[in-house]
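Colleague: I have a structure to read and would like to go through its features one at a time. Could you show me how to read each one?

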Amino acid sequence: MVHPSDGEAWKHFNSMHPPFSAESRNVRLGLCTDGFNPFRSFAAPYSCWSVILTVYNLPPGMCMRLEFMFLSMIIPGPSSPGWNIDVCLRSLIDELTQLWSSGALTYDISRKQNFVMRVALMWTINDFPAYGMVSGWSTHGKLACPYCMENNKAFTLTNGGKAFFFTVTIVFCHITTGTERIERISLLAELKMMLNPRVFPVKNCLMLC
């Protein structure tokens, strides 16, 4: 895969919207948002959230360069906007909706003519906390992943009361028999196994340390 156009999501979109994909001048965008502290110090409670649009109609060497990214807005504040980020994004979403449904009259300088350009927001790029803010999905608890839903192997920690998802693949070597077995167990269960003197974890030692 060299460009997002090689991916299954791009091809599936083309099959679902043939009129849009037939016009090569229609624009496909990706939206990225994340927060940072502009003062580089956690002692100063402040948060800045940047919302960036990336154009994927360009070749692979150009679409991720800074000069071809559009900083559509900056959301400053003493803390993270949380789920209220949709209020700040309202004007951008309205404009994207209009560009998708009716398009905008645009001048093509190569053909010396006007055409109606439409825009599609293909996907958003976020880390997991920002994903929860943008989508409105709660990324806490046992149903934190909207893809896995109830099919995950999460469990609640006894003392902390938080959902625990982390699993590892580990190879155990039985000291007495010399046999190996491979399991996928949680990190908490792995720590309990380390307390058992009969079982010694061969791999994953660096991660546990």
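**Reading the rings, the hairpin and the loops**

Modeller: Start with the rings: Phe13, Phe20 and Trp100 are linked into a cluster by ring pairs. Keep in mind that this is a predicted model.

Colleague: How many aromatic pairs does the structure hold?

Modeller: There are six aromatic pairs in the structure. In the pair of Phe13 and Trp100, the ring centres are 6.1 Å apart and the planes stand at 55°, so this pair is tilted. A plane angle under 30 degrees would count as stacked, and one over 60 as edge-to-face.

Colleague: Which helices hold Phe13 and Trp100?

Modeller: Phe13 is in helix α1 (residues 8-16) and Trp100 is in helix α5 (residues 90-101), so their pair ties together parts that are 87 residues apart in sequence. Phe13 has a relative accessible area of 14% and is buried. Trp100, at 28% relative accessibility, counts as partly exposed.

Colleague: What are the distance and angle for Phe20 and Trp100?

Modeller: As a general idea, a pair of aromatic rings is described by the distance of the centres and the angle of the planes. For Phe20 and Trp100 the values are 5.4 Å centre to centre and 45° between the planes, and this aromatic pair is tilted. Phe20 belongs to helix α2 and Trp100 to helix α5, so the pair ties together parts that are 80 residues apart in sequence.

Colleague: Is Phe20 buried or exposed?

Modeller: Phe20 counts as buried, because its relative accessibility is 1% and the cut-off for buried is under 20%.

Colleague: Which charged end sits over the ring of Trp100?

Modeller: That of Arg118, which sits 4.5 Å from the centre of the Trp100 ring. There is another case to read alongside it: the charged end of Arg25 sits over the ring of Phe115, 4.0 Å from the ring centre.

Colleague: Where does Arg25 lie?

Modeller: Arg25 lies in the loop between α2 (18-22) and β1 (27-36). Its relative accessible area is 18%, so Arg25 is buried, the cut-off being under 20%.

Colleague: Which side chain makes a polar contact of 2.7 Å with the side chain of Arg25?

Modeller: The side chain of Asp108 does, at 2.7 Å. The side chain of Arg25 also makes a polar contact of 2.9 Å with the side chain of Glu23. With neighbours within four places in sequence left aside, Arg25 is in contact with Asp108, Arg111, Gln113, Phe115 and Met117.

Colleague: How do strands β4 and β5 pair?

Modeller: Strand β4 (residues 104-108) and strand β5 (residues 113-117) run in the antiparallel sense, paired over five bridges. One detail to look up is Asp108, whose bridge partner in β5 is Gln113. Asp108 and Gln113 are both among the contacts of Arg25.

Colleague: How many residues are between β4 and β5 in the hairpin?

Modeller: Four residues are between β4 and β5 in this hairpin. Lys112 lies in the loop between the two strands. Its phi is near 60°, a positive value in a residue other than glycine.

Colleague: Is Lys112 buried or exposed?

Modeller: Lys112 counts as exposed, because its relative accessibility is 61% and exposed means over 50%.

Colleague: Where is the place of Ser50?

Modeller: Ser50 is in strand β2 (residues 47-55). The general idea for strands is that in a regular strand the side chains alternate between the two faces of the sheet. Ser50 counts as buried, at 16% relative accessibility. Apart from neighbours within four places in sequence, the residues in contact with Ser50 are Cys32, Thr33, Asp34, Phe36, Leu71 and Met73.

Colleague: How far apart in space are Ser5 and Tyr56?

Modeller: They are 8.3 Å apart, C-alpha to C-alpha, and 51 residues apart in sequence. Ser5 is in the segment before α1, and its relative accessibility of 29% makes it partly exposed. Beyond its neighbours within four places in sequence, Ser5 is in contact with Trp10 and Lys11.

Colleague: What can be said of the chain as a whole?

Modeller: The chain has eight helices and 11 strands. Of its 209 residues, 27% count as buried. Its accessible surface comes to about 14200 Å², and 62% of that belongs to carbon and sulfur atoms. Among contacts with a separation of 6 or more, 43% come from residues 24 or more positions apart.

Definitions and conventions
Residues are numbered from 1 along each chain as its sequence is written. This is a predicted model: local features need pLDDT of at least 70, side-chain atom pairs count only at pLDDT 80 or more; totals for chains, interfaces and linings use all residues. Side-chain values use heavy atoms; hydrogens and water are left out. Buried means under 20% relative accessible area, exposed over 50%, partly exposed in between (1.4 Å probe, protein chains only). Contact means heavy atoms within 4.5 Å. Accessible areas come from the Shrake-Rupley method with a 1.4 Å probe; for residues, only the protein chains shown count as cover. A polar contact is a pair of N or O atoms within 3.5 Å; within protein, one must be able to donate a hydrogen and the other to accept it, and residues adjacent in sequence count only if both atoms are side-chain atoms. Two strands pair if DSSP finds at least two bridges between them. Rings of Phe, Tyr and Trp (its six-membered ring) pair if their centres lie within 6.5 Å; planes under 30 degrees apart count as stacked, over 60 as edge-to-face and the rest as tilted. A charge sits over a ring if NZ of Lys or CZ of Arg is within 6 Å of the ring centre and within 35 degrees of the ring normal.
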